[in-house]
Amino acid sequence: MSNDTAAPIMLELVDEQGTTIGTAEKLSAHQAPGRLHRAFSVFLFDEDGRLLLQRRALGKYHSPGVWSNTCCGHPYPGEPPFAAATRRVQEELGVAPALLAEAGTVTYNHPDPASGLVEQEYNHLFAGLVRAPLAPDPEEVAETAFVTPEELAVRHARDTFSAWFMTVLDAARPGIRAAVGSRGGW
């Protein structure tokens, strides 16, 4: 899909309240000091309440090879965040999320020391279930794992995670509990 004449990927720039104020090319929005833009993060769980993590593909320009939440990305300008989240789960993991629901928003600024890029995002959070076998796109996802909170703690202490992971997980916890109930202990 690499076409040299492809149009640049554009993101929505937003103010602190999440109101769209313009657009910017994806890479330029992430160059230091970063520009506040709309994003989304998805947390999907299996029937036992285990969180689906993904390790980002090694070929990704931003945070390659690190573990992160189920799926994250950016809506296209004018695309509703819910639609973008559903689209990217399908594109990256080959499944449609079940019972996907809004789980709040969070704004943050996380520089990535390895790349020098900055995640300055107004992030829409979503939580739901995954009920079908995964079919990850190897250009997007290097590895997946379903984890309990205890397994996540061990993995988080041992492995490298995205700079934004704990920020989005902590902000999404009330929505996660609404999605999975008492299963999993989130």
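**Close-up views of a predicted model**

**View 1. The largest cavity of the structure.** The largest cavity has a volume of about 50 Å³. The model shown here and in the views that follow is predicted. Across the whole structure, a search finds 1 cavity of 30 Å³ or more. The lining of the largest cavity is made by Gln 54, Arg 56, Lys 60, Ser 68, Asn 69, Cys 71, Cys 72 and Glu 92. Strands β4 and β6 each contribute at least two residues to this lining. Sorted by class, the lining residues of the largest cavity are 2 nonpolar, 3 polar and 3 charged. Rolling a probe the size of a water molecule over the atoms shows where empty space is left.

**View 2. The largest pocket and its lining.** The largest pocket holds about 1,200 Å³ of space. Its lining consists of 34 residues, and those nearest the centre of the pocket are Ile 9, Lys 26, Lys 60, Arg 88 and Glu 140. Lys 60 also belongs to the lining of the largest cavity. Five elements, namely α1 (26-30), β3 (37-45), β6 (71-73), α2 (81-93) and β8 (118-129), supply at least two lining residues each. Helix α2 gives the most to the lining of the largest pocket, with 4 residues. By class, this lining comprises 12 nonpolar, 9 polar and 13 charged residues.

**View 3. The largest nonpolar core.** The largest nonpolar core has 25 residues, of which Phe 43, Phe 45, Leu 51, Leu 53, Leu 152 and Ile 176 touch the most other members. Two or more residues of this core come from each of β3, β4 (51-56), β7 (98-111), β8, β9 (141-147) and α4 (165-180). Helix α4 gives the most to this core, with 6 residues. A second, separate core contains 14 residues, among them Leu 44, Cys 71, Leu 93 and Val 95. Cys 71 is also one of the residues that line the largest cavity.

**View 4. The surroundings of Phe 43.** When residues up to four places away in sequence are not counted, Phe 43 touches Leu 51, Asn 69, Thr 70, Phe 126, Ala 127, Gly 128, Val 168, Leu 169, Ala 172 and Ile 176. Two of these contacts, Leu 51 and Ile 176, are listed with Phe 43 among the members of the largest nonpolar core that touch the most other members.

**View 5. The buried and exposed sides of helix α3.** In helix α3 (residues 149-158), Pro 149, Leu 152 and Arg 155 are buried. Seen down the axis of α3, these buried residues fall within an arc of 120 degrees, so they line one face of the helix. Glu 150, Val 154, Ala 157 and Arg 158 lie on the other side of α3 and are exposed. The buried residues of α3 pack against β4, β5 (67-68), β9 and α4. One of the buried residues, Leu 152, is also a member of the largest nonpolar core.

View 6. Ala 32 and Pro 33 are joined by a cis peptide bond, with omega of about 5 degrees. Pro 33 is placed in the loop between α1 and β3.

**View 7. The backbone at Leu 99.** Leu 99 is not a glycine, yet it has a positive phi of about 50 degrees. This residue is found in strand β7. The relative accessibility of Leu 99 is 60%, and exposed means over 50%, so Leu 99 counts as exposed.

How values were computed
Residues are numbered from 1 along each chain as its sequence is written. This is a predicted model: local features need pLDDT of at least 70, side-chain atom pairs count only at pLDDT 80 or more; totals for chains, interfaces and linings use all residues. Side-chain values use heavy atoms; hydrogens and water are left out. On a 1 Å grid over the protein atoms alone, a cavity is a set of points where a 1.4 Å probe fits but cannot get out, and a pocket is an open set with protein on both sides within 12 Å along at least five of seven lines; lining residues have an atom within 4 Å of a point. Grid points are joined across faces, edges and corners, and a volume is the space filled by probe spheres set on the points. Ala, Val, Leu, Ile, Met, Phe, Trp, Tyr, Cys and Pro count as nonpolar, Asp, Glu, Lys and Arg as charged, and the others, Gly among them, as polar. A nonpolar core is a set of buried Ala, Val, Leu, Ile, Met, Phe, Trp, Tyr and Cys residues joined through side-chain atoms within 4.5 Å. Buried means under 20% relative accessible area, exposed over 50%, partly exposed in between (1.4 Å probe, protein chains only). Contact means heavy atoms within 4.5 Å. The arc is that of the directions from the helix axis to the C-beta atoms.
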